[in-house]
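Here are a few notes to read alongside the model. Keep the picture open and find each spot as you go.

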Amino acid sequence: MCIRDRFHAVCEAELVVAHSPHTDFLLLYTVGHMLPQRPFCTQVAADFLGIGDSIGLGDLLVKELGVPLEKRYSNSNWAARPLAPAMLEYAVGDVEHLLELQSSLQHQLDSSGPHKPKWFRDEMASKFLQPSIILDTLQPTDAWRKLPLRVLRKLDTQGLYCAMQLAAWREKRSVDRNMNPAAVLTDSVIHALANQRPADWEDLKGCGPLKDSVRMRLGLSLIHISEPTRLLSISYAVFCLKKKKYIYYTQH
């Protein structure tokens, strides 16, 4: 079976369960020009249920199923060939509990009231079907278009400009290093930085969601991007971000 046939089999499945599958679905769309029509993202489901914002699969499996996930090869070079047998075993372990996890999360969604399951389906369509995936082909300067509304909530004009700059920087860095953007900076960190706009190391220490390891490695870059004096004028992108906020709040 060729790779395109495998892609067809995945996309035609009744249900496709994955954890934060933006990169996977982008590959399906780029190579096979197709996307799963009924995706279920366990990370988004956990967010909807209040289990954790952008929670990792390992932490989610422990919380929901009491299953520890091997993390030894999570930062390995998966582009290398051939893959070591231990890495192949790791890859299997990364997905073997997804269906059980999906069943648990779906039951909780169904038990949480009449509206939340529909909101979740709408979110799946918004994040993982064709228009959203196509956004992933944008240039870094347009990466702000992919920011969720919760990142923009209560940001002033300077904060919106800062969020735009951070999104562009994150996109470029993720492409340069072949990483998932969320592995560079999570949306929660972008929101915190854009809201606080630290000007020095002391300010940066007060950015709660930012891990110490990321702070030490990327701190100077984040301070430079977040510096309040970077705001020179209101760009069209900031206008669009403000409009996105306005449309959301007038519709809800």
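1. Start with a pair of helices, H4 and H6, whose crossing is left-handed. Bear in mind as you look that this is a predicted model. The two helices pack at an angle of about 65 degrees, and their axes are 11 Å apart.

2. Which residues of H4 and H6 meet? From H4 come Leu57, Leu60, Leu61, Glu64 and Leu65. Facing them in H6 are Leu98, Glu100, Leu101, Ser104, Leu105 and Gln108. Sort the residues of this contact by type and you get seven nonpolar, two polar and two charged.

3. Stay with H6, which covers residues 98-110, and look for glutamine 102 in that helix. Is glutamine 102 buried or exposed? Its relative accessibility is 9%, so glutamine 102 counts as buried; the cut-off for buried is under 20%. Leaving out neighbours within four places in sequence, the contacts of glutamine 102 are Leu15, Val17 and Phe40.

4. Now go to the other end of H4. The loop between helix H4 (57-65) and helix H5 (85-95) holds arginine 72. With a relative accessibility of 58%, arginine 72 counts as exposed, since exposed means over 50%.

5. As for handedness, the crossing of H10 and H12 is right-handed.

6. Who makes the contact between H10 and H12? On the H10 side you'll find Gly159, Cys162, Ala163, Leu166, Ala167 and Arg170. H12 brings in Asp187, Ile190, Leu193 and Ala194. By type, the residues of this contact divide into seven nonpolar, one polar and two charged.

7. A word on backbone angles before the next two stops. Most residues other than glycine have a negative phi. Serine 20 is not a glycine, but has a positive phi of about 50 degrees. You'll find serine 20 in the loop between strand E1 (16-18) and helix H2 (22-32). Serine 20 has a relative accessible area of 17%, so it is buried.

8. Arginine 197 also deserves a look: its phi is positive, about 50 degrees, although arginine 197 is not a glycine. Its place is the loop between H12 and helix H13 (201-205). Is arginine 197 buried or exposed? It has a relative accessible area of 12%, so arginine 197 is buried.

9. Finally, zoom out to the whole protein chain. How many helices and strands does the protein chain have? There are 15 helices and two strands. Of the chain's 252 residues, 38% count as buried. The accessible surface of the chain comes to about 14500 Å², with 55% of that belonging to carbon and sulfur atoms. And if you take the contacts between residues at least 6 apart in sequence, 63% of them join residues at least 24 apart.

Key:
Residues are numbered from 1 along each chain as its sequence is written. This is a predicted model: local features need pLDDT of at least 70, side-chain atom pairs count only at pLDDT 80 or more; totals for chains, interfaces and linings use all residues. Side-chain values use heavy atoms; hydrogens and water are left out. A crossing is left-handed if the near helix is turned anticlockwise from the far one by less than a right angle, and right-handed if clockwise. Helices (H or I, at least four residues) and strands (E, at least two) are DSSP runs, numbered from the N terminus. Contact means heavy atoms within 4.5 Å. Ala, Val, Leu, Ile, Met, Phe, Trp, Tyr, Cys and Pro count as nonpolar, Asp, Glu, Lys and Arg as charged, and the others, Gly among them, as polar. Buried means under 20% relative accessible area, exposed over 50%, partly exposed in between (1.4 Å probe, protein chains only). Accessible areas come from the Shrake-Rupley method with a 1.4 Å probe; for residues, only the protein chains shown count as cover. Axes are lines fitted to C-alpha atoms, for helices over the stretch in contact, and angles run from 0 to 180 degrees between N-to-C directions.
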